[in-house]
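Please keep the sequence and the structure in view while reading.

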Amino acid sequence: MTSAVAYYRVSTQRQGRSGLGIEAQRAAVARFAEAEGMIILQEFTEIETGKGADALDRPPQLNAALALARQTKCPVVVAKLDRLSREVAFIAGLMVQRVPFIVAELGVDADPFMLHLYAALAEKERRLISERTKAALASRKTTGLKLGNPTNTAEAAARGRKISIREADRFAQTVLPIIASIQRSGITSLRGLAIALNNRRVRTARNGQWQVSNVRNVLARQSPTLL
């Protein structure tokens, strides 16, 4: 059997639209590995954006996955291409790393040229969405609707708090399925959950190591009884 390294990524801003959370990615990669007779040596989980020219410099788990793949001379498997990025430059940067990538959704026969092609289509789609959004905002502005940050500082602060709470809730919904999976394995203490999350290479919302307080805060967003 051949070996592979699995890489999963979610962006808290986009997960709701993609409908592909970490557990769904893990299941897709597991099905693919079983069908292709692959053994997953290790899993790397990233909660990060795949957007921007410097994106390849930011995700530490992707860099760790690349390092292990080079060391073991095996490919990196992802569930979908957009779990790497929707930008051609980012995909091209990965190809330069000379580590083979396999996209479970596309199959083992998808060569680098095909990956570039699919990435180009995804990038074009993202640009069209951005252009349509800007056009819609411009249209609303011409009708007299005020856009931008409110001038009232109290209102701005309140809105900022709401955004922070919303982002924290989204992050919690991303991580809670992983915590539930760990709990089903018999680990239920806050410290044990923190250790298990770190062992799975899942990062906190601020891209750090999990502590007891981090786990408690995430669980509190599910149910106060879990504190």
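## A network of charged side chains

E23 is partly exposed, with a relative accessible area of 26%. The model in which this value is computed is a predicted one. The side chain of E23 meets that of R26 in a salt bridge, with 2.8 Å from N to O. Both residues belong to helix α2, where their spacing of 3 residues separates them by about one helical turn. R26 is buried, as its relative accessible area of 14% lies under the limit of 20%.

R26 also forms a salt bridge with E43, and here the closest N and O atoms are 3.0 Å apart. Because E43 lies in strand β2 and R26 in helix α2, this pair ties together parts that are 17 residues apart in sequence. E43 is partly exposed, at 28% relative accessibility. In general, side chains of opposite charge can pair when their charged atoms come close.

## A further salt bridge

A search of the whole structure finds 4 salt bridges. One of them joins R221 and D169, whose closest N and O atoms are 2.6 Å apart. R221 lies in the segment after α8, while D169 is in helix α6, so the pair ties together parts that are 52 residues apart in sequence. Both partners are partly exposed: R221 has a relative accessible area of 38%, and D169 has one of 32%.

## Overall organisation

The protein has 227 residues, of which 40% count as buried. Its secondary structure comprises 8 helices and 4 strands. Read from the N terminus, the elements follow the order β-α-α-β-α-β-α-β-α-α-α-α.

## Helix α2

Helix α2 covers residues 22-36, which makes 15 residues. From its first C-alpha to its last it reaches 21 Å, close to the 21 Å expected at 1.5 Å a residue. The buried residues in α2 include I22, Q25, R26, A28, V29, F32 and A33. These residues lie on the same side of α2, because they cover an arc of only 165 degrees around the axis.

The face turned away from the buried side of α2 carries the exposed residues R31, E34 and A35. Just after the helix, G37 takes a positive phi of about 70 degrees.

## Helix α3 and the residue that follows

Helix α3 has 13 residues and reaches 18 Å between its first and last C-alpha atoms, close to the 18 Å expected at 1.5 Å a residue. Its buried residues are Q61, L62, A65, L66, L68 and A69. Seen down the axis of α3, they fall within an arc of 165 degrees, so they line one face of the helix.

K73 follows α3 and is placed in the loop between α3 (60-72) and β3 (76-78). Its phi is near 55 degrees, a positive value in a residue other than glycine. Most residues other than glycine have a negative phi. K73 counts as exposed because its relative accessibility is 78%, and the cut-off for exposure is over 50%.

## The nonpolar core

The largest nonpolar core contains 32 residues, and L197, W210 and V215 touch the most other members. The elements that give two or more residues to this core are β1 (2-10), α2, β2 (38-47), α6 (153-184), α7 (190-199) and α8 (212-220). Helix α6 provides the largest share of this core, with 7 residues.

I47 itself is found in strand β2, and at 12% relative accessibility I47 counts as buried.

## A nonpolar patch on the surface

F113, L117, Y118 and L121 make a nonpolar surface patch of about 450 Å². Of these residues, F113 is placed in helix α5 (residues 112-142). F113 is exposed, with a relative accessible area of 63%.

Note on methods
Residues numbered from 1 in each chain as written. Predicted model: local features only at pLDDT ≥ 70, side-chain atom pairs only at ≥ 80, totals over all residues. Heavy atoms only, no water. Patch = residues over 30% accessible without salt bridge, like charges linked within 9 Å, V, L, I, M, F, W, Y side chains within 5 Å. Areas by Shrake-Rupley, 256 points an atom, 1.4 Å probe, with all protein chains shown as cover. Buried < 20%, exposed > 50% of the residue type's maximum accessible area, 1.4 Å probe, protein only. Expected span 1.5 Å × (residues − 1). Arc of directions from axis to C-beta. Core = buried A, V, L, I, M, F, W, Y, C linked by side-chain atoms within 4.5 Å.
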